[in-house]
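Please examine the sequence and the three-dimensional structure shown below. The paragraphs that follow lead through them step by step.

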Amino acid sequence: MKTTFVSSSAVSSALRYSILRQQAELTRVQKEATTGFVADRGLALGARTAQSVTLNRDLERLSGIVDSNGLVSSRLAATQKGLIQIGDAAQSFLSSLTSSASGDAAYALTQKSARSTLDTLTSVLNTSLNGEYLFAGTNTDVRPLNDFQPGSPAKAAFDAAFAGYFTFAKDDPAAQGITAAQMDDFLTTVVEPIFLGAGWQGTWSNATDQGITSRITLNETTETSVSANDEGIRKIAMMSAVVGDLLDSNVGNAARKVLVNRAVSTIGVAIGEISQLEAQTGIIEQRVSGATDRIKMQMDLFERHILDTEGVDPYRASNRVSELLSQIEKSYAITARIQQLSILNYLS
Amino acid sequence: MSLTSALSIAQSALQNTSRQTSTVSRNVSEAQNPDYARRTALLSSTGPGARVVAIQRVTNDLLFRQNLSALASFSGQSTLLAGLQRLTLDVNGSDNATSPATVLGKFQEAMQLYSAAPSNQNLGVAAIDAARQVVRTLNDGSDAIQSFRTSTDSDIATAVYDLNKLLSDFEQANKAIMAGTRTGRDVNDSLDQRDAILKQISEIVPVSTFTRGDNDMVITTTDGITLFETVPRAVTFSPSAGYAPGAPGNKVYIDGVPLQPGTGANTDAAGKLAAMLQLRDSIAVTMQAQLDETARGLITAFRETAAGSPDATGLFTWSGSPAVPPAGTLVNGLAGSISLSLAVDPLAGGNPKLLRDGGINGAAYNRNPANNASYAGLLIAYGDRIGEPMAFDPAAGISTNSSLSDFTTNAIGWFEGMRKQASAASETKEALAVRTAEALSNETAVNVDVEMSLLLDLEQAYQASARLIKAVDDMLQALLAAVR
């Protein structure tokens, strides 16, 4: 006769395996309840762990870019402020020039205004932020604009150019006799090449044409600085330096009139160019802040996705903990009862 | 005559009962021994009264075979899972915190910070430090994989030694059984021992058995390689003292036939030998190839280019520098030999600015000859190259055309996908092993309560027989008294 048979060792070890499993799960769920994330990403996600690692890594990189975009934004804001200062200085220089051209103001006043414009220009262009010169292009550890003062190379170069063209120095009595045509030719053929042409780099400016390139999103780069070599800036530097220098000399009135008139038209153009530059800088600022906003949105999405894939509902997890605890307690109780259950207790 | 026969029957009953009691007591004493099969004393009637003919051992061949195969599967799967857990901790760290993918991300971040402020040399040094971390992770990972292969190799040697030992134990038990069976002795204890040895063997290699005359057992692996036939067959393996990347491992030969390693994460390897071979020769080797390809990707991404000059290795160098390793081809052991260029590494007296400007291989490669402090073009280009698709060797077992940064995360995906499958498979195979063991135990092991109730019966029978003898004795006494 064959009947159902249960061995004693099977009875006593029946719950052992399930208790082990429950305890293993308890340690896992405890961790999940306290961290809010799955205990072992690899086991929970399998091959999708690749995605999780990518998301977490990109999240860190994006927050790095947000930080570096902050740096770029502050550079652009300072640049914008500098450009406005230069524009204002050029504007007041222009009004002084106009009144001088119409004969309302003395040349001495205009000369002072030109000097102060050049000073403003020099100090603004040589502003530095975090140890980097703002307007230096990429050559940020060298002052972008050299001084124009007695003894400086720029001054010496200009004096030499003057003497080279007229064969006498600007303070020479012969300068009184410079004609309007001569001055006009001097401005066009000598001064303009110095400032707008090849004479600028090195003598006047140490900046590079190329601005600083920055990565503003994971795959977008843009130039995020303004160079002192910009055409408008060069024109203001040219006119403020030449007017400031030649109105303080023996140059005669005919030539002065030509000079001032040329300055009026050039500065007028330069002001337009500076505001163009301001607009461009504004556009870049906009682009960077737009990029930062986009990145932050992206980061939110990433975080939400990470929570969706790796997060666990803390309430469910803690429920599961108490459920498991009571299950394990039940198992213990049953095990103890089973151990007591023996026919030996009834044999005497 | 009938009184004498009653007396002798009662005597024989006493003897039977005591033999049965000894069987019960043996059963009770072995109740918790999982390798013990329950005995029953079979009574068969002969001429005057009953007589014990045989002590039978309860067996269930089908369940036993099932249990053997479940044990082999579980042993293989759990060995594979344990190996995977160890590899992931050794190479990728807990939660992949020190994986190549993660340190590469940190390096990219440091490069991004540096490219945002290239004039700040501290950031340059920080970027190089992050690069050093990447190099160290690759070097350490490569070392860890090779030492894993070496230790697995010695585990294989141990398992092979155990297997040979078990087979020679098996020979002893088998001989005892054959001799006992021929002479009609009780061979149950030897049978127990032989079954226990079989269970141990099947944890190492999967076995199938058949029994010939005189209870002689033949063992083959499930692939049909003979393990034991009259005498144990030699299992041979020569361990290697150390492993270099790409070096093949020695095979395990059973009776001259090489044992096949397992394949797949839900492995078809039964027994731990096949699983260890799979870990040593397939998984660890693929992982090493992934690290090597990551190293090659890094060297390639940071190569220096110049018009009219050949491309040359930059920040990351290898034994073949300044040549860049050939595209799309695995270089064995590259992850172990990749290093930072001494010309750049500030700890080795190098100039960190070379990372920004280029020119590690001489002035021809310098992209920033004017030494402009905020030149970021090259740094940004390096960052772009990490994200550009490149060709990877198919030996790495994952995407052959992806960006370096995707390649590293794909490697994690490959590994974790496998670990998840292995873990799930291990759970089901463990459950099967536990279930079959329980079923087998229910069929063949002892229930103390049953034995005790049997004992009660035996006690009754004994008392009855004793009472009978007493009664017959009384009768004989009465008879003799009448005669006297």
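**Two chains and their contact**

In chain A, helix α1 (residues 8-35) packs against helix α9 (residues 314-340) with the two axes 9 Å apart and at an angle of about 160°. Angles over 145 degrees count as roughly antiparallel, and α1(A) is therefore roughly antiparallel to α9(A). The crossing in which α1(A) passes α9(A) is left-handed. The residues that make the contact of α1(A) with α9(A) comprise 13 nonpolar, nine polar and three charged ones. As with everything described here, this packing belongs to a predicted model.

The two helices may now be placed within the whole of chain A. This chain contains nine helices and four strands. Followed along the sequence, these elements give the pattern α-α-α-α-β-β-α-α-β-β-α-α-α in chain A. What are the spans of the C-alpha trace of chain A along its principal axes? They are about 145 × 35 × 30 Å. The radius of gyration points to the contrast with a globule: chain A has 40 Å, whereas a compact globule of 348 residues would have a value near 20 Å.

Chain B can be described in the same terms. Its elements are eleven helices and 15 strands. Along the principal axes, the C-alpha atoms of chain B fill a box of roughly 145 × 40 × 35 Å. For chain B the radius of gyration is 36 Å, while a compact globule of 484 residues would have one near 23 Å.

The next topic is the meeting of the two chains. Here 41 residues of chain A are in contact with 47 residues of chain B. Which elements give two or more residues to the side of chain B that touches chain A? They are α3 (100-116), α9 (377-387), α10 (404-444) and α11 (448-483) of chain B. The most is given by α10(B), with 14 residues. By residue type, the side of chain B that touches chain A divides into 17 nonpolar, 22 polar and eight charged residues.

Helix α10(B) also has a partner within its own chain. Its axis and that of helix α6 (residues 272-301) of chain B come within 10 Å and cross at roughly 170°. Accordingly, α6(B) and α10(B) are roughly antiparallel to each other. On the side of α6(B), the contact includes Met287(B), Gln290(B), Glu293(B) and Leu298(B); on the side of α10(B), the residues include Leu404(B), Phe407(B) and Phe415(B). Seven nonpolar residues, four polar residues and one charged residue make up the contact of α6(B) with α10(B).

From the helices, attention may turn to the strands of chain B. Four of them form an open sheet with antiparallel pairing, in the order β3-β4-β5-β6. In this sheet, β3 (207-211) and β6 (231-232) of chain B are the edge strands, each pairing on one side only. The antiparallel strands β3(B) and β4 (residues 217-221) of chain B are joined by five bridges. One residue pair can be located by name: Thr211(B) has Met217(B) in β4(B) as its bridge partner.

Another open sheet of chain B has three strands, in the order β7-β8-β9, and the pairing is again antiparallel. Because β7 (235-236) and β9 (257-258) of chain B stand at the edges and have a single partner strand each, one side of each lacks a neighbour in the sheet. Strand β8 (residues 253-254) of chain B pairs with β9(B) over two bridges. Within this part of the sheet, Tyr253(B) lies opposite Pro258(B) of β9(B).

Strand β10 (residues 304-306) of chain B is joined to strand β11 (residues 309-312) of chain B by two bridges. Ala306(B) stands opposite Ser309(B) in β11(B). Two residues lie between the strands of this hairpin, and Gly308(B) takes a positive phi near 85°.

Some details of the backbone remain. Most residues other than glycine have a negative phi, and most peptide bonds are trans. Asp95(B), which is not a glycine, has a positive phi of about 50°. This residue is found in the loop between α2 (61-92) and α3 of chain B. The peptide bond from Ser321(B) to Pro322(B) is cis, with omega near 5°. Pro322(B) has its place in the loop between β12 (316-317) and α7 (334-337) of chain B.

Note on methods
Residues numbered from 1 in each chain as written. Chains lettered and ligands numbered in written order. Predicted model: local features only at pLDDT ≥ 70, side-chain atom pairs only at ≥ 80, totals over all residues. Contact = placed C-beta atoms within 7 Å. Nonpolar A, V, L, I, M, F, W, Y, C, P; charged D, E, K, R; others polar. Axes fitted to C-alpha atoms, helices over the stretch in contact; angles between N-to-C directions. Parallel < 35°, antiparallel > 145°, perpendicular 65-115°, else oblique. Left-handed = near helix turned anticlockwise from the far one by under 90°. Pairing = 2+ DSSP bridges. Rg over C-alpha atoms; globule rule 2.2 N^0.38 Å.
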